[in-house]
Amino acid sequence: MNKIFPRGDIHGAAAAGTKVLPGEAGCVALCCSRRGACLSAFVLLLLAAVAGLIALVVILGSPPHTPGAQACVTLANRTGFLCHDRRSCVPASGVCDGVRTCPHGEDEDEALCRDVPQHLPGFLVARCGNPASWIYSDQKCDGTNNCGDCSDELSPVTTCPPCGPGWWRCAPVVFRYCDCIPRSLCRDRVQHCSDWSDEHLCPGP
């Protein structure tokens, strides 16, 4: 009579009824060991990459915040462009002039300066009497004929305050000025006013 041994007997057969070939048990153990080592190495590399990115952000700082363009008032009491650091105020005429004045250079940003003045914020632009002509807003009422027709200094296009203490009111003969000249031009033996008042009446600087 043949004896029937239960599965998983003393000869080392698999409990589930599968046959184990010679040397297969050692191979299974070795492969599992290698897979575990590879998985561990991959996890360690991933963690190292994340740690490296975090360290890079800490060292270099996060990218600057880029809010919409905002107006500010310069020390000369003129309209300006507020930089993203919210501390620096660039004069309007200093925007898109080819010189990076803001700490992060946003006053020369390509999106802002690609098509001037169409892409400039409205607070940086002032229109002249000729609708096709424009100037920067801080050039309006500065005593200088920036538009070429004095529309940036005289009504009805522009309403400017009277000549300041550093200016002399007259009808200038110099194209650069409109209704005032700098007092520094008085008493210089050169006619700057049509009535010569810059040489006879103006007290000088």
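Student: How many salt bridges does the structure hold?

Tutor: In this predicted model, the side chains of Asp179 and Arg169 meet in a salt bridge, with 3.1 Å from N to O. The number of salt bridges in the structure is one.

Student: Why does the pair of Asp179 and Arg169 tie together separate parts of the sequence, and how far apart are those parts?

Tutor: The two side chains of Asp179 and Arg169 form a salt bridge. Asp179 belongs to the loop between β6 (167-169) and β7 (180-182), whereas Arg169 is in strand β6, so the parts that the pair ties together are separated in sequence by ten residues.

Student: What is the relative accessible area of Arg169, and in which class does the residue fall?

Tutor: Buried means under 20% relative accessible area and exposed means over 50%, with partly exposed in between. Asp179, the partner in the salt bridge, has 23% and is partly exposed. For Arg169, the value is 47%, and the class is partly exposed.

Student: How many disulfides does the structure hold?

Tutor: Cys128 is joined to Cys147 by a disulfide, and another disulfide is formed by Cys186 and Cys202. These pairs are among the disulfides of the structure, which number nine.

Student: Which parts of the chain hold Cys128 and Cys147, and how many residues apart are they?

Tutor: The disulfide between Cys128 and Cys147 has an S to S distance of 2.0 Å. Cys128 is found in the loop between β4 (125-127) and β5 (134-136), and Cys147 in the loop between β5 and β6, so the parts tied together are apart in sequence by 19 residues.

Student: Are Cys128 and Cys147 buried or exposed?

Tutor: The link of these two cysteines is left-handed, with -80 degrees about the S-S bond. As to accessibility, Cys128 and Cys147 are both buried.

Student: Where do Cys163 and Cys180 lie, and how many residues separate the parts they tie together?

Tutor: The sulfur atoms of Cys163 and Cys180 are 1.4 Å apart in their disulfide. The link is left-handed, with -45 degrees about the S-S bond. Cys163 is placed in the loop between β5 and β6 and Cys180 in strand β7, so the separation in sequence of the parts tied together is 17 residues.

Student: Is Cys180 buried or exposed?

Tutor: Its disulfide partner, Cys163, is partly exposed at 22% relative accessibility. A residue counts as buried under 20%. At 6% relative accessibility, Cys180 is therefore buried.

Student: Is the link of Cys186 and Cys202 left-handed or right-handed?

Tutor: The disulfide of Cys186 and Cys202 has its sulfur atoms 2.0 Å apart. This pair links distant parts of the chain, 16 residues apart, with Cys186 in the loop between β7 and α3 (197-200) and Cys202 in the segment after α3. Both cysteines are buried. With 90 degrees about the S-S bond, their link is right-handed.

Student: In what order do the elements of the chain run?

Tutor: The chain contains three helices and seven strands. Read from the N terminus on, their order is α-β-β-β-α-β-β-β-β-α.

Student: What is the mean pLDDT of the chain?

Tutor: A pLDDT of 70 or more is reached by 74% of the residues, and the mean for the chain is 81. Over residues 2-18, however, the pLDDT is below 50, and this stretch has six contacts beyond near neighbours in sequence. Residues 61-66 also have a pLDDT below 50, with five such contacts. The mean pLDDT asked for is 81.

Notes. Residues numbered from 1 in each chain as written. Predicted model: local features only at pLDDT ≥ 70, side-chain atom pairs only at ≥ 80, totals over all residues. Heavy atoms only, no water. Salt bridge = Lys/Arg side-chain N within 4 Å of Asp/Glu carboxyl O. Helix = DSSP H or I, 4+ residues; strand = E, 2+ residues; numbered from the N terminus. Buried < 20%, exposed > 50% of the residue type's maximum accessible area, 1.4 Å probe, protein only. Disulfide = S-S within 2.5 Å. pLDDT = per-residue confidence, 0-100. Contact = heavy atoms within 4.5 Å.
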